[in-house]
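Here is a short walk through one protein model. Keep the sequence and the 3D view side by side as you read.

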Amino acid sequence: MLIEIDSERIQSEIDQLAKISEASPPVMTRVLFSKADLQARAYVQARCSNSDLALREDAVGNIFARWQGQDPDLPAVATGSHTDAIPNAGKYDGVVGVLGALEAIRGLKRSGFKPRRSIELVIFTAEEPTRFGIGCLGSRLLTGALAPEQALQLTDSAGKRLSDWLEEVYSQSGDLQSVRLVPNFYSAFVELHIEQGPLLERQRIDLGVVEQIAAPATLRLELIGEGGHAGAVLMPDRHDALLAGAEIALAVESAAKESQSPDTVGTTGLFRIEPGAVNSVPYRALLEIDLRDTRLSTRDIALRRIRENVLAVTQRRGVQAHLDVINQDPPAVCDAALVQAALQAAVRVGFSARCMVSRAYHDSLFMAQTFPTTMLFIPCRNGVSHRPDEYASPEAIYKGTLVLAQLLQELASAPSRI
Ligand code: GLV
Ligand code: MN
Ligand code: MN
């Protein structure tokens with residue numbers, strides 16, 4: 001069965017979606033529950049309706065667009081990603097896995113394929129952690145990795161809780177218990193995504209098939225020192241929250257560099273100070289720290305070193321510290337049979353493919369805890385991501401979409417799970 005992918009249509013939809021941003025395009029910013037985030041989701045829902053997919057939205061805003069199979073009682077095959085974007089992002093992260101998947105489904109429909117299993121496109125709520133500090137909110141709730149009571153308490157930097165947001169956006173304060181899916185809801189989950197790293201481009205390989213996803217942890221650190229007049233408070237009397245934070249940010253770098261694993265990476269991606277005036281000693285600092293590794297043991301050793309450092313630095317400087325571990329997740333191992341099926345699907349349509357590790361996290365990190373999961377990576381220019389100059393070529397997107405379509409076709413035809 002010949003599957004034709006309409007490359008121009010995907011590109012035009014990616015470009016239309018890229019007009020929806022809190023910042024001026026090409027800068028993408030679509031933070032959870034912002035006008036842009038909601039508009040982007042409405043845009044995708046409309047495209048799904050146009051393609052005769054049955055839409056459902058759960059209590060946290062995860063969107064499901066289903067192509068009903070001939071045997072709808074069999075667990076469905078799922079694919080999807082996210083449309084939210086961190087501040088100052090590009091237009092491909094997440095979007096390729098949503099619009100590419102939609103085109104894969106349309107291509108299968110055009111080819112005359114009749115799926116035995118239903119095929120479901122999932123658009124996850126808040127893969128990015130910008131509003132609540134925690135990533136993959138929708139997929140954590142879908143798979144039970146986050147308790148609904150805990151989720152409802154999540155609070156953004158303006159002090160607004162998830163429950164308040166749900167009330168405002170969906171006029172309900174969240175029956176989040178209903179979000180969790182039973183383990184055999186899906187027979188497989190496959191997420192198409194840009195690599196966000198340089199390997200495929202450097203090695204001139206069309207597709208990466210993910211067999212492992214690195215383990216992320218996020219810390220939020222509030223430092224309370226003592227403010228005062230920049231001219232009047234003498235140096236021995238200072239308890240400068242910024243300087244304590246600066247030492248800790250350097251300690252994050254050392255903990256990552258000096259771990260026994262080349263895969264440990266540590267980033268202090270957020271550092272805010274108050275009052276933020278040139279002639280005032282900073283009395284408060286808020287830091288958010290991101291730490292990851294493919295190996296849990298070395299990630300956790302680095303985490304311990306950072307905690308020890310926070311204690312030592314704040315004691316020495318007479319600054320108070322409140323440290324919250326927002327998340328500390330294990331790595332995901334993808335389903336071996338699904339990885340093989342994905343590699344074969346790539347070869348079947350004539351493209352080169354290799355197995356790889358995902359250093360970024362994705363909703364697949366959590367989907368893999370419950371459902372057989374893998375990801376298809378396509379190359380992106382210079383491995384750049386989370387920047388406005390993020391770029392994936394139409395050819396790379398075409399290839400990823402075709403392999404996804406081929407794989408969905410095989411998975412949706414299988415009488416038992418692969
Ligand atoms: C996801 O966007 C990540 O930060 O890995
Ligand atoms: Mn991202
Ligand atoms: Mn992403």
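A residue counts as buried if 20 or more other C-beta atoms lie within 10 Å of its own, and as exposed if 12 or fewer do. Keep in mind that this is a predicted model.

Start with helix α9, residues 296–317. The helix has 22 residues. From first C-alpha to last it reaches 31 Å, close to the 32 Å expected at 1.5 Å a residue. Its buried residues are Arg-299, Ala-302, Leu-303, Ile-306, Val-310, Val-313 and Thr-314. They cover an arc of only 105 degrees around the axis, so they sit on the same side of α9. What lies over them? The cover includes strands β9 (215–224), β11 (265–274), β13 (284–293) and β14 (320–328), along with helix α8 (241–257).

Now turn to the other face of α9. Pointing away from the buried side are the exposed residues Ser-297, Arg-304, Glu-308, Leu-311, Gln-315 and Arg-316. After the helix comes Gly-318. The phi of Gly-318 is positive, near 65 degrees.

Next, the nonpolar cores. In soluble globular proteins, nonpolar side chains tend to be buried together. The largest nonpolar core here has 94 residues. Which of its members touch the most others? They are Ala-342, Leu-376, Leu-404 and Leu-408. Helix α12 (residues 394–413) gives this core its largest share, ten residues.

Take Leu-376 as a way in. Residues up to four places away in sequence are not counted here. Leu-376 then touches Val-190, Leu-192, Leu-207, Val-209, Ala-342, Gly-400, Val-403 and Leu-404. Apart from the 94-residue core lies another, of 25 residues. Among its members are Leu-219, Val-252, Leu-303 and Val-310.

Move on to Cys-355, in strand β16 (residues 353–358). Is Cys-355 buried or partly exposed? Cys-355 has 15 other C-beta atoms within 10 Å, so it is partly exposed. Leaving aside neighbours within four places in sequence, Cys-355 is in contact with Val-209, Glu-211 and Val-339. Val-209 is also one of the residues that Leu-376 touches. Phe-377 is 22 residues from Cys-355 along the chain, and their C-alpha atoms are separated by 9.6 Å.

Finish at ligand 1. Around it are Glu-128, Gly-135, Ala-360 and Tyr-361. This shell divides into two nonpolar residues, one polar and one charged.

Notes. Residues are numbered from 1 along each chain as its sequence is written. Chains are lettered from A and ligands numbered from 1 in the order in which they are written. This is a predicted model: local features need pLDDT of at least 70, side-chain atom pairs count only at pLDDT 80 or more; totals for chains, interfaces and linings use all residues. Helices (H or I, at least four residues) and strands (E, at least two) are DSSP runs, numbered from the N terminus. The expected span of a helix is 1.5 Å times one less than its number of residues. The arc is that of the directions from the helix axis to the C-beta atoms. Two residues are in contact if their C-beta atoms, placed from the backbone, lie within 7 Å. A nonpolar core is a set of buried Ala, Val, Leu, Ile, Met, Phe, Trp, Tyr and Cys residues joined through C-beta atoms within 7 Å. A residue is near a molecule or strand if its C-beta atom, placed from the backbone, lies within 6 Å of it. Ala, Val, Leu, Ile, Met, Phe, Trp, Tyr, Cys and Pro count as nonpolar, Asp, Glu, Lys and Arg as charged, and the others, Gly among them, as polar.
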